[in-house]
Amino acid sequence: MALKTRFTELAGIEHPIVQGGMMWVGRAELASAVSNAGGLGILTALTQPTPDDLRREIDRCRSMTDKPFGVNLTILPAIKPPPYAEYRQAIIESGIKIVETAGYKPQEHVEDFKSHGVKVVHKCTAVRHAVSAERMGVDAISIDGFECAGHPGEEDIPGLILIPAAADQVKIPMIASGGFGDGRGLAAALALGAEGINMGTRFCATVEAPIHDNIKQLLVKHDERDTNLIFRAFRNTGRVAKNSVSDQVVEIGSRPGAEFKDVQPLVSGAKGRVALETGDIDAGLIWAGMVQGLIHDVPTCQELISRIVRDAENIITQRLSRFVQPA
Ligand SMILES: Cc1cc2nc3c(=O)[nH]c(=O)nc-3n(C[C@H](O)[C@H](O)[C@H](O)COP(=O)(O)O)c2cc1C
């Protein structure tokens, strides 16, 4: 048996499971492992220092899988923004067929990708943003609930409401993101109107994730309460794993009149990278979601994806169908 949806069709993949873009984690080792297991692996463009490095990483990923994989382009407001147009060009010229866009004002990127025949999955955290991305011409939506790692937005709508609310308004295929980690989640996402799931945190706790084992074990040890919401006061909320750094960021951010510069020394991406690579849990911010409460092991991507699909199929065909009985 297999779970076929409009999203598996669109992406040319076997299982409706996507590995979302992840800064410092979305490298060829992980993306190729997810794609080889029948999901859609995604490289993270900005993890590569330059557009040429991204070209090389795409080539490296291609040498590790002959299955489709995508690239994430995250557009964040910055005083000195990265050369987005050049990263976009590297993606197009490398022959990538599907991208995940995330962040602010994706229009110019969506238009260029579309005009070069690249499919766009836009990730967003609000129904109105999903509707406007659909109008912009994207091919699919990834809707990210409040449970998610990363930036859940400022409206705090959990997936149980956000997914069906978006499904009511969006006609193109939609995948559900935020808080997914097992077959129950996949079956639930399909029931709520999505055509697949996107996972971030769960894929960090896999054999192939290119991060230190201490971080993987932290995700196993943590439960659903072990996240912090940072940057709330600056209207740029982020959900990260609870550690001494994120505790401090929350404390400083809650002081009256706090400004971003007060927390800036603690939150640099470089420090987060040190935590992920050296396994020093308190070296910086570690992005992770509430789904930590459902992570109990560190399987290979193949084991994880097979298990999720098998469990979802069993739930749909057996557990749920048993509830339906003659009146
Ligand atoms: C370590 C880490 C880094 C992330 N970095 C990015 C990023 O650079 N761009 C992006 O669009 N999303 C990023 N995300 C969010 C994921 O792509 C995904 O939307 C999110 O993890 C889904 O929620 P989940 O963790 O509950 O599965 C990151 C998530 C994690 C765990």
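Start at the ligand and pick M23: a polar backbone atom of M23 sits 3.0 Å from a ligand nitrogen. Pairs like this are polar contacts, meaning N or O atoms within 3.5 Å. Before you click on, note that this is a predicted model, where local features need pLDDT of at least 70, side-chain atom pairs count only at pLDDT 80 or more, and totals for chains, interfaces and linings use all residues. Residues are numbered from 1 along each chain as its sequence is written, and side-chain values use heavy atoms, with hydrogens and water left out.

Next, select N72, where a side-chain N or O atom is 3.2 Å from an oxygen of the ligand. Then hop to G179: here a backbone N or O atom lies 2.8 Å from a ligand oxygen. Of the 600 Å² of accessible area that the ligand has on its own, the protein covers 92% (Shrake-Rupley method, 1.4 Å probe).

Last stop: Q48, in the loop between β2 (41-44) and α3 (51-64). Is Q48 buried or exposed? Buried, at 7% relative accessible area, where buried means under 20% and exposed over 50%, with a 1.4 Å probe and protein chains only. Leaving aside neighbours within four places in sequence, Q48 is in contact with R27, D53, L54, E57 and Y87 (heavy atoms within 4.5 Å).

How values were computed
A polar contact is a pair of N or O atoms within 3.5 Å; within protein, one must be able to donate a hydrogen and the other to accept it, and residues adjacent in sequence count only if both atoms are side-chain atoms. Helices (H or I, at least four residues) and strands (E, at least two) are DSSP runs, numbered from the N terminus.
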